[in-house]
Every structure is written in structure tokens, then in C-alpha cells.
Amino acid sequence: MPELPEVETTLRGIQPHILNLKISSIIVRQSSLRWPVPEKLIRKKLISNSFNNITRRGKYLLLESSNEFLIIHLGMSGSLRITEEQNLRKHDHIDICFEDGTILRYCDPRRFGCFLWTNNPSDHFLLKNLGPEPLGNNFNGQYLFSLSRGKKVPIKNFIMNSHVVVGVGNIYASEALFASGIRPSSRAGRISKNKYEELANKIVELLRKSIDKGGTTLRDFVSGNNEPGYFKQSLMVYGREGETCYKCSSRIKSLRIGQRASAFCPKCQISF
Ligand SMILES: [Zn+2]
């Protein structure tokens with residue numbers, strides 16, 4: 001699943017290729033994504049117009065045109081690529097074609113993504129209840145500490161809840177909890193302010209590191225020759241159940257928390 005760093009890399013990858021280019025046509029081959037694609041509306045708003053800014057809110061990309069916004073989410077398996085090729089691959093559902101021949105192509109095998117239109121993102125049903133950006137100024141240990149008082153939910157669920165903070169998926173939650181020595185099943189309300197400071201810093205650090213590493217993937221991505229790959233990073237616990245901990249050599253265990261596999265080191269990560 002594309003996580004926040006992949007979405008940020010996608011933003012940085014597509015932006016320089018399409019900003020302020022005149023849109024000549026929009027081809028929708030498959031309109032049943034998670035919600036139906038409002039084809040007519042998107043054509044009416046965008047053809048002969050251009051995108052003047054691209055931003056991100058959580059894992060939603062916001063492509064701005066005349067103070068209105070195309071909202072794109074990559075869902076479970078979606079990707080965007082810049083291409084000039086007419087040759088289609090399976091699941092290439094939508095093309096936004098620009099006057100100079102550039103195409104922004106959306107591919108989504110599982111069709112859990114979305115293409116929607118809004119004139120007010122802060123009031124849109126998908127965006128209005130989102131928590132702060134992990135890389136923004138409103139996210140820190142004090143914030144997590146205050147919000148978690150009295151909460152019995154496992155810490156892993158707490159930091160993966162988009163009302164608490166956006167864009168912390170399973171990989172980053174698992175890795176940040178390892179890096180700060182907190183067992184994923186710990187109750188959110190029992191973790192100290194100092195521990196929350198450490199956790200918030202680790203979340204930010206891991207996300208930034210992953211975004212920085214996106215640079216190499218980005219070139220392939222923009223050339224349109226390869227699928228955008230997931231970042232190969234040194235994972236300490238995620239996906240390593242049964243293997244030995246790089247820090248202490250204990251065997252990495254896994255628990256199911258909120259339907260998700262949650263890997264942890266029983267020695268390095270303490271229960272609160
Ligand atoms: Zn360990």
C-alpha cells in the first residue's frame with residue numbers, strides 16, 4: 001500500500017512535469033473506483049485549464065485548478081506516472097492528457113483509490129476530520145501525550161488512527177515503536193510524555209528518511225518505464241517475524257492488533 005512517503009514522492013515526481021500545462025483531454029477507461037469518478041464534472045472543470053499547484057493532505061493529493069481541487073488517492077495499489085506513451089498496461093484507468101503530449105496516467109489494479117472534485121478541501125468528507133500532518137508544526141510528543149490521556153487503545157492503533165495523525169501506516173508505526181522501545185500492544189493512555197516525545201521524533205525521522213530515499217526511485221518512476229517501487233529501507237521489525245533482532249538477537253514476534261500483523265522485539269520493546 002502506498003504510504004505517506006510514496007505519496008509525497010509522487011507529488012514531487014509529477015509536479016514539475018505538469019504544472020501550468022494546458023489540459024487537452026481526459027480519458028476515463030474505468031470509472032468505478034472506490035467512489036464513482038465524476039467524469040463529466042472533471043472534464044468540464046479541467047479541459048482547456050491547467051493545474052497551478054499540487055499539495056498533499058495525508059495520503060490525498062490535491063491538484064489545484066482555478067481555486068478548485070482534483071482529489072486523488074492511490075488506495076491500496078494505485079500509482080500515477082508521467083508518460084507520453086500510448087501503449088497501455090492493464091489497470092491504466094485514467095489519463096489526463098496535456099497539450100504538449102505529456103500524459104498523467106493513473107493505474108489502480110484493486111480500484112480502492114479515488115478521483116474526486118471539490119471546491120473546498122477543508123470541508124470535504126474525506127479530509128475534514130483528518131488529524132495533523134506528522135511533518136507539520138502541530139505534531140509532537142506533547143500533542144500525542146495530551147490526546148492519549150485516558151485512552152485504552154493499543155498505542156499502535158492510536159498512532160495509525162488518521163484522526164490522531166495522518167499517514168502513519170503499518171510499516172512506520174511498527175518501525176517507530178521499535179525505535180522508541182514501546183511494545184505495540186501498550187495502552188496509549190499509559191505512555192509517559194517523555195516516551196511520546198521519543199515516539200513522535202522517531203515517526204518524523206523515519207518518514208523523512210524514507211522521503212529522502214525516494215530520490216532514486218523517483219527517476220525510474222518519472223521515466224514511466226518501471227512501476228513505482230516501494231522504498232527499500234532497512235526495516236528492523238516490519239515483515240521480520242521469526243527472524244532475529246538486529247539489536248539484541250532475540251526472535252522477532254508478531255501480534256495481531258486491530259486486524260494487522262504487528263511485529264516487535266520482546267526484549268527491546270517494553271509493555272506500558
Ligand atoms: Zn531486540
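Two strands pair if DSSP finds at least two bridges between them, and the strands, like the helices, are DSSP runs numbered from the N terminus (helices H or I, at least four residues; strands E, at least two). The structure shown is a predicted model, in which local features need pLDDT of at least 70 and side-chain atom pairs count only at pLDDT 80 or more, whereas totals for chains, interfaces and linings use all residues. Residues are numbered from 1 along each chain as its sequence is written, and side-chain values use heavy atoms, with hydrogens and water left out.

**Strands β5 and β7 run antiparallel and are joined by five bridges.**
Within this pair, L80 stands opposite Y106, a residue of β7 (residues 103–107). Strand β5 is mostly covered, five of its five residues being buried, where buried means under 20% relative accessible area, exposed over 50% and partly exposed in between (1.4 Å probe, protein chains only). Burial extends to both faces of β5, with S79, R81 and T83 on one side and L80 and I82 on the other.

**H91 occupies the loop between β5 (79–83) and β6 (92–98).**
This residue counts as partly exposed because its relative accessibility is 29%. Apart from residues up to four places away in sequence, H91 touches Y106, C107, D108 and P109, a contact being heavy atoms within 4.5 Å. H91 and S180 are 89 residues apart along the chain, and their C-alpha atoms are separated by 40 Å.

**Strand β3 (residues 60–65) has six of its six residues buried.**
Both of its faces are covered, for Y60, L62 and E64 are buried on one side, as are L61, L63 and S65 on the other. Strand β2 (residues 53–57) pairs with β3 in the antiparallel sense over five bridges, and R57 has Y60 as its bridge partner in β3. Two residues lie between β2 and β3 in the hairpin that they form, and G58, in the turn, has a positive phi of about 60°. Strand β4 (residues 68–73) is also antiparallel to β3, to which six bridges join it, and H73 is the partner in β4 of Y60. The hairpin of β3 and β4 likewise has two residues between its strands, with S66 in the turn taking a positive phi of about 50°.

**The largest nonpolar core has 27 residues, and L70 and F115 have the most contacts inside it.**
Such a core is a set of buried Ala, Val, Leu, Ile, Met, Phe, Trp, Tyr and Cys residues joined through side-chain atoms within 4.5 Å. Helix α1 (residues 4–18) supplies the largest share of this core, namely four residues. When its neighbours within four places in sequence are left aside, L70 is in contact with residues including I42, L46, F51, I96, F115 and W117. A second, separate core has 26 residues, among them L144, I155, F158 and I191.

**The chain is divided into domain 1 (4–123) and domain 2 (141–264).**
These bounds come from an automatic or database domain assignment. The centres of domain 1 and domain 2, taken over C-alpha atoms, are 28 Å apart.

**Helix α5 (residues 170–179) is mostly covered, with nine of its 10 residues buried.**
Its buried residues are N170, I171, Y172, A173, S174, E175, A176, L177 and F178. Just after α5, G181 takes a positive phi of about 70°.

**N20 has a positive phi of about 65°, although it is not a glycine.**
N20 is placed in the loop between α1 and β1 (23–28), and it counts as exposed because its relative accessibility is 53%. S48, which is not a glycine either, has a positive phi of about 75°. S48 is found in the loop between α2 (39–46) and β2, and with a relative accessible area of 51% this residue is therefore exposed.

**The zinc ion has C245, C248, C265 and C268 as its protein donors, each through SG, at 2.2 to 2.4 Å.**
Donors are N, O and S atoms within 2.8 Å of the metal (3.2 Å for Na, K and Ca), and as water is not among the atoms, sites may look incomplete. The site is tetrahedral, with angles of 98 to 114° among its four donor atoms, the term requiring that all angles among four donors lie between 85 and 135 degrees. Along the chain, the donors follow the spacing C-x2-C-x16-C-x2-C. C245 counts as buried because its relative accessibility is 3%, whereas C248, at 23%, counts as partly exposed.

Conventions: Tetrahedral: all angles 85-135°; square planar, octahedral: opposite > 155°, others 65-115°.
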